[in-house]
Amino acid sequence: MKPYSLFSLLRNSVAYHQNWQQAWRSPEPQKHYDIVIIGGGGHGLATAYYLAKECGIRNVAVLEKGWIGGGNTGRNTTIVRSNYLLDESAGIYEHSMKLWEGLSQDLNFNVMFSQRGLLHLAHSVHDMQEIGRRGNAIHLNGIDSEFLTPAQIKEMVPLINLDCRYPIMGGLLQRRGGTARHDAVAWGYARAADALGVDIIQNCHVEGFDIQQNEVKAIRTSRGTITADKVGCVVAGHSSVLAEMAGFRLPLESVPLQALVSEPVKPVLDCVIMSNGIHVYVSQSDKGELVVGAGSDAYNSYSQRGSFDQIEHVVGPLVELFPIFSRLRMLRQWGGIVDVTVDRSPILSKTPVNNLFFNCGWGTGGFKCTPGSGHLFAHSLASGDMHPKAAPFSINRFNTGALVDEGAAAAVAH
Amino acid sequence: MLLIDCPWCGERDQTEFSAHGEAHIARPQNTAELSDEEWGDYVFFRKNIKGIHYERWVHDFGCRRWFNAIRDTASDQIFATYKPSDAVPDITAADKASES
């Protein structure tokens, strides 16, 4: 693979961009791989990349039902943060944040990671107590967090309406939080993994597992049977469907989560705004569109369509906070299927079937942990034992009771 | 937006209802003898099925009564709703018709 550089950009510009090499191959699947990753989203591709780069395992395949970037990786609201309450969460999300901070250079692909700051608003005494507790917990874990007064918020975001129906009483700011371009994350990991020898097999639908003596031996796919020493499933909303094929259940419920974007406008908002209290989060993309996240539907569904009332519930608070946005038209709206656990923390775990590992349960907020999840899952797959930072997120916690009950993930920001 | 046929009140807008997950899960009788494994399975583990799902709903902003629904989670099509005391309807015929 030829690296991208200023020189390659200049050279291809004068050649009318006709000679860019393919970003990744489309190989035929081999009969056997050391490790097969099911799911070619960000988390799966990152897993494959770190397996090849850091664990020295390059005989790896990523099986993707559709195409790279066509699933939830391309459907989220691109927010990155690590301002979680609990130590286990701080461990995994901050691990991810540190990987984000060098990711573009590491992948030789501009993922447009922008640490523009993430401001969490408080609208009530209860909200103030919540951010007080969480902000101090974050601080004790060595992660940046600052409390802002309403006056400081107004100075930072002049358009905001402090005196809205539920007036803003304060805010919690993580300056290192921000956004990244979601498509570029998938493409960057795919290209870098492919360059290290990983086979990315698109349009490959998994139809079942061959399990002998409680050990996974092979995967039956729409493109033939593939044997593997170990298998990692990273399929988000469809995790329960794959678990059923392997003969066990997961503590997950799949629901639609919606987002919408406005028509593009000139720069008006240079940080990410979140509010759990009135339930809205919004940022402005580099293209100029406002990216607005809605809530998830309260019933199980794989339909990839959310209900209209959820849109109303997010647009109302949005125009309360920013009355100027009431004149904007919304261009697109979509839904993705997210796999939600009861404690709103992910599952990175061994399963009842030997050599079959699951990375799922990221629910409504998996994008921010794409690098961290892939990194920890790769090391766990390679060694056969869960990485210490991933160990608290075992599936066993639902039987032992050691839940990672993460309120900071449960509400609104993704 | 779903149109839901409450077995007590008739067809109403989905925003009047709330969903409460998989139906027909009976609380174990021998609770004193359950292992952690069995308790965890009963409380947290679900089929989360893609396809025909038997689920519980409450008509919060209507009669406030519980009922069950049979819905295809892939298409959101509702095949039947029935009172908790009713026998589970056989939807095989309706299911086949929707697939053809």
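Start by selecting A:Lys53 and A:Glu54, which form a salt bridge whose closest N and O atoms are 4.0 Å apart; a salt bridge here is a side-chain nitrogen of Lys or Arg within 4 Å of a carboxyl oxygen of Asp or Glu. Side chains of opposite charge can pair when their charged atoms come close. Colour by accessibility and you will find A:Lys53 partly exposed, with a relative accessible area of 39%, and A:Glu54 partly exposed too, at 35%. For these labels, buried means under 20% relative accessible area, exposed over 50%, and partly exposed in between, with a 1.4 Å probe and protein chains only.

Before moving on, a word on the model. It is predicted, so local features need pLDDT of at least 70 and side-chain atom pairs count only at pLDDT 80 or more, while totals for chains, interfaces and linings use all residues. Residues are numbered from 1 along each chain as its sequence is written, chains are lettered from A and ligands numbered from 1 in the order in which they are written, and side-chain values use heavy atoms, with hydrogens and water left out.

Next, pick A:Arg176 and A:Glu94, a salt bridge with its closest N and O atoms 2.7 Å apart. A:Arg176 lies in the loop between β6 and β7 (178-179) of chain A, and A:Glu94 in helix α3 (residues 87-100) of chain A, so this pair ties together parts that are 82 residues apart in sequence. Helices (H or I, at least four residues) and strands (E, at least two) are DSSP runs, numbered from the N terminus. A:Glu94 is buried, with a relative accessible area of 8%.

Now try A:Glu215 with A:Lys217, where the closest N and O atoms of the salt bridge are 3.2 Å apart. Both ends can be checked for accessibility: A:Glu215 counts as partly exposed at 26%, and A:Lys217 counts as partly exposed at 32%. Over all chains, the whole structure has 22 salt bridges.

**Aromatic rings**

Switch to the aromatic side chains: the structure holds 17 aromatic pairs over all chains. Zoom in on A:Tyr49 and A:Tyr50, whose ring centres are 5.0 Å apart with planes at 65°, so the pair is edge-to-face. Rings of Phe, Tyr and Trp (its six-membered ring) pair if their centres lie within 6.5 Å; planes under 30 degrees apart count as stacked, over 60 as edge-to-face and the rest as tilted. A:Tyr49 counts as buried at 3% relative accessibility, and A:Tyr50 counts as buried at 0%.

For another geometry, select A:Tyr84 and A:Tyr93: their ring centres are 3.8 Å apart and their planes at 5°, so the pair is stacked. A:Tyr84 is buried at 1% relative accessibility, as is A:Tyr93 at 4%.

A cluster comes next: A:Tyr299, B:Phe17, B:Trp57 and B:Phe67 form one aromatic cluster. Then go to A:Tyr4, where the charged end of A:Arg191 sits over the ring, 3.5 Å from its centre. A charge sits over a ring if NZ of Lys or CZ of Arg is within 6 Å of the ring centre and within 35 degrees of the ring normal.

**Strands of chain A**

Two strands pair if DSSP finds at least two bridges between them.

Within chain A, β4 (residues 118-122) and β6 (residues 170-174) pair in the antiparallel sense over 5 bridges. Select A:His120 and you will find its bridge partner, A:Leu172, in β6(A).

Move on to β17 (residues 347-350) and β18 (residues 356-360) of chain A, which run antiparallel and are joined by 4 bridges. A:Ile347 stands opposite A:Cys360 in β18(A). The hairpin of β17(A) and β18(A) has 5 residues between the strands, and there A:Asn355 takes a positive phi near 65°.

**Strands of chain B**

Finish on the open sheet of 4 strands in chain B, ordered β3-β4-β5-β6 with antiparallel pairing. The edge strands, each pairing on one side only, are β3 (18-22) and β6 (78-82) of chain B. β3(B) pairs with β4 (residues 52-58) of chain B in the antiparallel sense over 3 bridges. Last stop: B:Ala19, which stands opposite B:Trp57 in β4(B).
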